[in-house]
Amino acid sequence: MIRITGEGFGDWLQIVIEDNGGGMEAGQAAVIEEILDGKKDMSLESQKSIGIGIRNVVARMYMFYGEELGIKMSTAVGKGTVFTFRIPLPGQERGDAI
């Protein structure tokens with residue numbers, strides 16, 4: 001199951017994408033956390049272990065929203081994965097990101 005929900009909070013939009021899959025091992029989760037933090041100098045081993053899809057999505061989101069983008073991930077083996085995105089609404093002054 002994949003569930004996508006969205007909710008507005010003043011001048012922010014929060015989008016949550018969650019699944020009930022197998023979750024991730026700590027090593028794989030650490031690599032994805034590097035991507036979510038916008039690190040471009042990942043090791044070759046890290047780059048091989050994750051497909052280009054998530055890197056491309058995150059890179060494009062950072063290009064568009066910059067430091068105002070907030071992304072968090074929560075995962076545990078056997079318990080699925082949850083990604084929470086907090087993005088500014090167009091034309092709004094912003095408070096703190098995630």
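Predicted model: local features only at pLDDT ≥ 70, side-chain atom pairs only at ≥ 80, totals over all residues.

Me: Nice. Which residues of helix 1 are buried?

Reply: Helix 1 covers residues 26-36, and its buried residues are Ala-29, Val-31, Ile-32, Ile-35 and Leu-36. Looking down the helix axis, they fall within an arc of 160 degrees, so they line one face of the helix.

Me: Why would residues a few places apart end up pointing the same way?

Reply: An α-helix has 3.6 residues a turn, so residues three or four places apart point the same way.

Me: And what does Leu-36 touch, away from its sequence neighbours?

Reply: Leaving aside neighbours within four places in sequence, Leu-36 is in contact with Val-58, Tyr-62, Ile-71, Lys-72, Met-73 and Phe-83.

Me: Switching topic: how many aromatic pairs are there?

Reply: The count comes to 2 aromatic pairs. In one of them, the ring centres of Phe-64 and Tyr-65 are 4.7 Å apart and the planes sit at 85 degrees, so this pair is edge-to-face.

Me: How exposed are Phe-64 and Tyr-65?

Reply: Phe-64 counts as exposed, at 66% relative accessibility. Tyr-65 is at 21% and counts as partly exposed.

Me: What about the rings of Phe-83 and Phe-85?

Reply: Their centres are 6.4 Å apart and their planes make 20 degrees, so that pair is stacked. Phe-85 counts as buried, with a relative accessibility of 12%.

Me: OK, zooming out. What's the overall layout?

Reply: There are 3 helices and 4 strands. From the N terminus on, the elements run β-β-α-α-α-β-β.

Me: How do the strands line up in the sheet?

Reply: The 4 strands form an open sheet in the order 1-2-4-3, with antiparallel pairing. Strand 1 (2-9) and strand 3 are the edge strands, each pairing on one side only. From one strand to the next, the twist averages 10 degrees.

Me: How many bridges join strand 1 to strand 2?

Reply: 8 bridges join strand 1 to strand 2 (residues 12-19), and the two run antiparallel. For instance, Gly-8 has Leu-13 in strand 2 as its bridge partner.

Me: Where do helix 1 and helix 3 sit relative to the sheet?

Reply: Helix 1 packs on the sheet and touches strand 3 and strand 4. Its direction makes about 175 degrees with that of strand 3. Helix 3 also packs on the sheet, touching strand 3 and strand 4, and its direction makes about 20 degrees with that of strand 4.

Me: Last one: what percentage of the protein counts as buried?

Reply: Of its 98 residues, 26% count as buried. As for contacts between residues at least 6 apart in sequence, 55% of them join residues at least 24 apart.

Definitions and conventions: Residues numbered from 1 in each chain as written. Heavy atoms only, no water. Buried < 20%, exposed > 50% of the residue type's maximum accessible area, 1.4 Å probe, protein only. Arc of directions from axis to C-beta. Contact = heavy atoms within 4.5 Å. Phe/Tyr/Trp six-rings, centres within 6.5 Å; stacked < 30°, edge-to-face > 60°. Pairing = 2+ DSSP bridges. Axes fitted to C-alpha atoms, helices over the stretch in contact; angles between N-to-C directions.
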